Each structure stands twice: as C-alpha cells, then as structure tokens.
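My notes follow in the order in which I looked.

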Amino acid sequence: MIIKVCGMREAENIREASQLDINLMGFIFYPKSKRYVSMLSSRAGIIPDYSPERLVYAVDQGGKPNFIFPKHIKKVGVFVDDMPQNIITKIYNYDLDYVQLHGNESPVMIDNLRRSVDPDIHPGLKIIKAISVSNVADIMKCKAYEGHVDLFLFDTKCITVGGSGHQFDWSVLQAYQGDTPFLLSGGIGPDDVQQLKSFHHPKWAGIDVNSCFETEPALKNIKQLQEFIEKIRN
C-alpha cells in the first residue's frame, strides 16, 4: 500500500511527517492553491531559487545540516497546466522524484517532459496523471494516457483542483480496465479505514490524503495521521 501525504509546506510539519510510515510526500506548485509552495529568490544570478523550507533547514547555528529529507520518502511536485520549463526548474530545485499533473496536459507534453528530465536532470523520474472523477465517463479519459504515465491518481471532480475534502463514488472505478496502477484520492479521512480495507481493484496501488487531516491549509495533524497510517498498515 503506497501512502502519499500531499499539500505539505510548513518546515516543522514536513519534518514530523517525514518520520511517519509513508511513501510519498506532495508539494503543490499551483499558485491558486491554498497549499501553494512559493519560492524565494536566491538573488544570486544563475543559482536556483530556494523554498522557505530549504532555507529554514539548510544549516543550524553550527553550520551543520539541520534536517535531511529521508531518501525512502519520494518527493512529488503537483502542477496544473504549468509551463514545462517551470516544472523542470522545480524538479531541479526540489530534487523531485515524481511529477503529478493535475490539469489538461497532453500525452505528447508528458513524453517531452520525461525526455527533457530523464536521465540528465533526474534519472528515473516518474509521472502521475490525476484524473478528476464524478462518473464512469471520466474514467475513460485514462485511455489516452496509457503507456505515458507511471501512475494515475483518481480524485474528486470539483471547482478547485483537488483538496476539496469530498469523496466520489468509488464504485465507478470498477469501470477502469487499464494496465497502469492508480492511487485513490479525494476526501479520504480518519474515519475511512474500514471503507478502504473493503475496497478492491487489481490495479489499486495506494492512497493519497490531504485536507481531511489538516488543522489549516498545508498544516497536517501528525497524531491523527499517525493513528490512521497504523490502522491502514495493520
């Protein structure tokens, strides 16, 4: 079971979440999101910009690294119809392992992005294509992306781009007949353990959680997350 915690931004919250039994951590680079991760200018010409988190945890007073992101947790950058050069910049700055595309990105764009990054910038970069779901017709959109992405992420169709806190009817996923594994997303919260344990699909690879574990946008309740993860793992 892959467990992805998305919408992370605050430095101490990131450090605490990195100690949980999770596989993926998501950072949202969509300016309209309440969980948007902004960048700070390094004011150093060709040197890349930095995130506030990287500045906070770069060094302690003794000049030693204050926080090293665990290698076993893969970093996911979330983008919505962004320019490829912006995505590539974030891949480089954050050393992203995954790119999650939440807009209307075409298979051609995805293939070009992968070729631009792998192997020169980030060997083995993986790509997740998010599909907003409300009915079976939405599931059919996956066919165009088969063979172009590594994972699908099925999220609730809403006015915003993800993070709505609402679930869609998971039974429509039985219509998915593709070969690409998928993550289940959209309004998954602390009370959904039994529902998740009763859900079955041969291509179901894991879950993505976000707003239902927040005390405010981009700030996760670590204790609540830990209890939920332990129940899922057991």
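Predicted model: local features only at pLDDT ≥ 70, side-chain atom pairs only at ≥ 80, totals over all residues.

Residues are numbered from 1 along each chain as its sequence is written, and side-chain values use heavy atoms, with hydrogens and water left out.

I then looked up the ring pairs and found twelve aromatic pairs in the structure (rings of Phe, Tyr and Trp, the last by its six-membered ring, with centres within 6.5 Å; planes under 30 degrees apart are stacked, over 60 edge-to-face, the rest tilted). F199 and W204 have ring centres 4.9 Å apart and planes at 85°, so I logged this pair as edge-to-face. F199 is buried at a relative accessible area of 8%, and W204 also counts as buried, at 18%. The pair of F213 and F228 is tilted, with 4.9 Å from centre to centre and 55° between the planes. Because F213 lies in the loop between strand 8 (204-209) and strand 9 (214-216) and F228 in helix 7 (residues 222-233), this pair ties together parts that are 15 residues apart in sequence. Helices (H or I, at least four residues) and strands (E, at least two) are DSSP runs, numbered from the N terminus.

**Entry 2, strand 6.** I checked strand 6 (residues 151-156) and found six of its six residues buried, so the strand is largely enclosed by the rest of the structure. It runs parallel to strand 5 (residues 126-133), to which six bridges join it, and S132 stands opposite D155. Three bridges join strand 6 to strand 7 (residues 182-184), again in parallel, with L153 opposite L183. Strands pair if DSSP finds at least two bridges between them.

Which residue's backbone nitrogen does the side chain of N13 reach? I found that of K220, at 2.7 Å. N13 sits in helix 1 (residues 11-17) and counts as buried at 4% relative accessibility. Its C-alpha atom is separated by 8.8 Å from that of A218, 205 residues apart along the chain.

Terms used:
Buried < 20%, exposed > 50% of the residue type's maximum accessible area, 1.4 Å probe, protein only. Polar contact = N/O pair within 3.5 Å; in protein donor to acceptor, adjacent residues only side chain to side chain.
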